[in-house]
Amino acid sequence: MTNEPSDSFQTIIRARRSTRKFEPGRAVDRSVLERIVDCGRWAPSGANTQCWDIIVVDDPDMREAVRQVFLRQAQRLVDHAKGFPAVSKNYLANTVAIVIVLGDPRWKVCFPQPTTPDWEAEYDENNEAIFLCSLGAAVQNIQMGVTAEGLTSAWLSGGGEATTNAELAALLGYPPWMRAYGTIPIGYPVATQDRRYRRPMEQVCHWNGYEARQYRPHALVDFYESTLRPFAMYRDQEDPRDWDDFDTKLEGWGAAFSSGDVNETAELEDEVDFSRPRTSGRATKARNR
Ligand SMILES: Cc1cc2nc3c(=O)[nH]c(=O)nc-3n(C[C@H](O)[C@H](O)[C@H](O)COP(=O)(O)O)c2cc1C
């Protein structure tokens, strides 16, 4: 037996967009919101723990209180995480609902547990990965459900920052050990946004082994972080070659961002410290100001 292939699924995949502008003054029926949450309910999770709870905020007063939490969160980014190209969160006022996916870490005990001390790091790290991937699947399903309903959404991770999560827990009444890993503002789009930068297929897909020519060198990561990131995040085009300012914005990295020919030397590099940005670009300068 086979499932019927569905063109419309591909359409939904491409139409799911991070949208940060909604039509004001709109509302939806709770039945629509329930269908959306049901998509999250059906997400896969490690050991079928369903390690989430999902809060739907559709009351205007509560929505405003949540918006205030995120305005403070955004200000903290400006003050303490300089250089990240975040946009204003005022648009939360125009949502029809805000869905919050809480992760419940108690369920990590149901994932494979180390029984010998030497293997603690091995299994503990992977427990974290299973937990976070499960939550990501739920958020993704919800975003897809939103798109299928003709609505649009974003995926905000800022609710998971400790200070913001503490404020949300106090406001919404959930246990403080749970965490708002995904906050999904939902609304009616003001414009069609069905394009965004994507690496080309021939760069992403490796057949039967890792192809070193498709490897993105450390310097490319540095360029993305310091320079290209805001354009790749917010421009409504898939291929940067369609940008009017392709040559100026890509600064010689054009082929690397738009073809499968990324790494001329076809050699891989050694691991370095990946935890902090390494170059001095626009983002770094903003951070240092
Ligand atoms: C784990 C995760 C966290 C994200 N956090 C935020 C966020 O805090 N604020 C935001 O505006 N977008 C956030 N996004 C959305 C990304 O910026 C967006 O997915 C990316 O730029 C690609 O755009 P697209 O979703 O329209 O394809 C997040 C996405 C993911 C998967």
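Guide: Happy to; bear in mind that this is a predicted model. With 289 residues, a compact globule would come out near 19 Å in radius of gyration, and the protein chain has 21 Å, which agrees. Its C-alpha trace spans about 55 × 55 × 55 Å along the principal axes.

Visitor: What makes a residue count as buried, and what share of the protein chain does?

Guide: The cut-off is 20 or more other C-beta atoms within 10 Å of the residue's own. Of the 289 residues, 25% count as buried.

Visitor: How many helices and strands are there?

Guide: The protein chain has 10 helices and four strands, and along the sequence they read α-α-β-α-β-α-β-α-β-α-α-α-α-α.

Visitor: Why are β1 and β3 said to stand at the edges?

Guide: The open sheet runs β1-β2-β4-β3, with antiparallel pairing. β1 (52–57) and β3 (152–153) each have a single partner strand, so one side of each lacks a neighbour in the sheet.

Visitor: How do you know that β3 pairs with β4?

Guide: Pairing needs at least two bridges, and two bridges join β3 to β4 (residues 179–187), so the antiparallel pair meets the definition. Within it, S153 stands opposite I186 in β4.

Visitor: What surrounds the ligand?

Guide: The shell holds R17, S18, R20, A154, W155, L156, S157, G158, R196 and M233. By class, these residues divide into four nonpolar, three polar and three charged, with Gly counted among the polar ones.

Technical notes. Residues are numbered from 1 along each chain as its sequence is written. This is a predicted model: local features need pLDDT of at least 70, side-chain atom pairs count only at pLDDT 80 or more; totals for chains, interfaces and linings use all residues. The radius of gyration is taken over C-alpha atoms; the globule rule is 2.2 Å times the number of residues to the power 0.38. A residue is buried if 20 or more other C-beta atoms lie within 10 Å of its own, exposed if 12 or fewer, and partly exposed in between; C-beta atoms are placed from the backbone. A residue is near a molecule or strand if its C-beta atom, placed from the backbone, lies within 6 Å of it.
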